[in-house]
Amino acid sequence: MTGLLLVHGAGGSAEGHFGGLLRRLGGRFRWVAGELPGRRGAGVDEVVDGLTAAADDAGVGEFVVCGYSLGAPLAVRLAARCPERVRGVVLTAPFARADHRMRLGLAVWRGLYESGRPRLLAEHLALTGLGESFLDRTDPDRLRAMLMLAPAPPAATPGHLELAARIDVREDLPRLAVPALVVVTAEDPLVSPARQRALAAVVPGARTAELATGHLPFWEDPEGWADLVEEFLAAGLR
């Protein structure tokens, strides 16, 4: 059974970001939750070593890496550093390096988190995470309820945000030598869709697919996202 290493984004968890995928694919793959540490100043390769250690602990030697948001550049680094273990990569809402706009969004996110203002933080995350189409079609009362019910960001969040602001894997992108799928979140207010497409163009032989969502496809179109990943895994690993 193929291994599937799931690497979540900042302020989340493998279950929180990939729960829908797991419900669709969990029975067909030996999945490993690559939970990110929260220690500030952790080296990128140190984090990658922790991800491979999680696969080792689960008895999974080779795997596909599915990275979302911050998990995407970590997946790229892992694939470039450990090519003998990685059979493919799926990069959703990816970035190779944060641009100025993204760094500003991360800084406000961190400030609101550390100020202990959960409601305002939730509204900021909706503004920077949800696509225009989703916001336009969602009843305001329902959106308010969704934000109130959203799980609180984990204590590791500041460390995640610090890592997201400084990671840079641009040199690793052209070195990838495995099947790759880049899922562009085409209405993303946090990670520019144009930068996502530019990233995909640098990865040799990468397939590109687009979702009409913001930065949170697991909220906005979980089934569409699962369809794309499932199709890639079925076709790309033969």
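# Notebook: a parallel sheet and what packs around it

I began with Gln196, which lies in helix α9 (residues 193-202). Helices here are DSSP runs of H or I with at least four residues, strands are E runs of at least two, and both are numbered from the N terminus. Residues are numbered from 1 along each chain as its sequence is written, and the model is predicted, so local features need pLDDT of at least 70, side-chain atom pairs count only at pLDDT 80 or more, and totals for chains, interfaces and linings use all residues. Side-chain values use heavy atoms, with hydrogens and water left out.

**Entry 1: Gln196**

I looked up the accessibility of Gln196 and found a relative accessible area of 0%, which counts as buried. Buried means under 20% relative accessible area, exposed means over 50%, and partly exposed is in between (1.4 Å probe, protein chains only). I then checked for a polar partner: the Gln196 side chain makes a polar contact with the side chain of Thr185, at 3.1 Å. A polar contact is a pair of N or O atoms within 3.5 Å; within protein, one must be able to donate a hydrogen and the other to accept it, and residues adjacent in sequence count only if both atoms are side-chain atoms. Leaving aside neighbours within four places in sequence, I listed the contacts of Gln196 as Ala93, Pro94, Val182, Val183, Val184, Thr185, Asp188 and Val191. Contact means heavy atoms within 4.5 Å.

**Entry 2: the sheet**

I traced an open sheet of six strands in the order β2-β1-β3-β4-β5-β6, with parallel pairing. Two strands pair if DSSP finds at least two bridges between them. At the edges I found β2 (30-34) and β6 (207-211), each with a single partner strand, so one side of each has no neighbour in the sheet. The twist averages 20° from one strand to the next. Axes are lines fitted to C-alpha atoms, for helices over the stretch in contact, and angles run from 0 to 180 degrees between N-to-C directions.

Strand by strand, I noted the following. Strand β1 (residues 3-7) pairs with β2 in the parallel sense over five bridges, and Val7 has Gly34 as its bridge partner in β2. Helix α1 (residues 14-25) packs on the sheet and touches β1, β2 and β3; its direction makes about 120° with that of β3. Strand β3 (residues 63-68) runs parallel to β4, joined by six bridges, with Phe63 opposite Val86. Four bridges join β4 to strand β5 (residues 180-185), again in parallel; here Val89 is partnered by Ala180 of β5.

Why do I call β4 (residues 86-92) largely enclosed by the rest of the structure? Six of the seven residues of β4 are buried, so the strand is largely enclosed.

**Entry 3: two loop residues with positive phi**

Most residues other than glycine have a negative phi. I logged two exceptions. Ser69, in the loop between β3 and α3, has phi near 55° and counts as buried at 7% relative accessibility. Ala93, in the loop between β4 and α4, has a phi of about 50° and is buried at 0% relative accessible area.

**Entry 4: the cores**

I examined the largest nonpolar core, of 51 residues, in which Val65, Leu70, Leu74, Leu78 and Val89 touch the most other members. Its largest share, seven residues, comes from α3. A nonpolar core is a set of buried Ala, Val, Leu, Ile, Met, Phe, Trp, Tyr and Cys residues joined through side-chain atoms within 4.5 Å. Not counting residues up to four places away in sequence, Leu78 touches Leu5, Val48, Leu51, Thr52, Phe63, Val65 and Val86. Apart from this core lies another, of 31 residues, including Phe29, Cys66, Ala93 and Leu143.

**Entry 5: α8 and Gly111**

In helix α8 (residues 157-166), I found eight of the ten residues buried. What covers the buried residues of α8 includes α2 (44-57), α3 (71-81) and α4 (100-115). Last, I looked up Gly111, found in helix α4; Gly111 is partly exposed, with a relative accessible area of 37%. The C-alpha atoms of Gly111 and Leu149 are separated by 21 Å, and the two residues are 38 apart along the chain.
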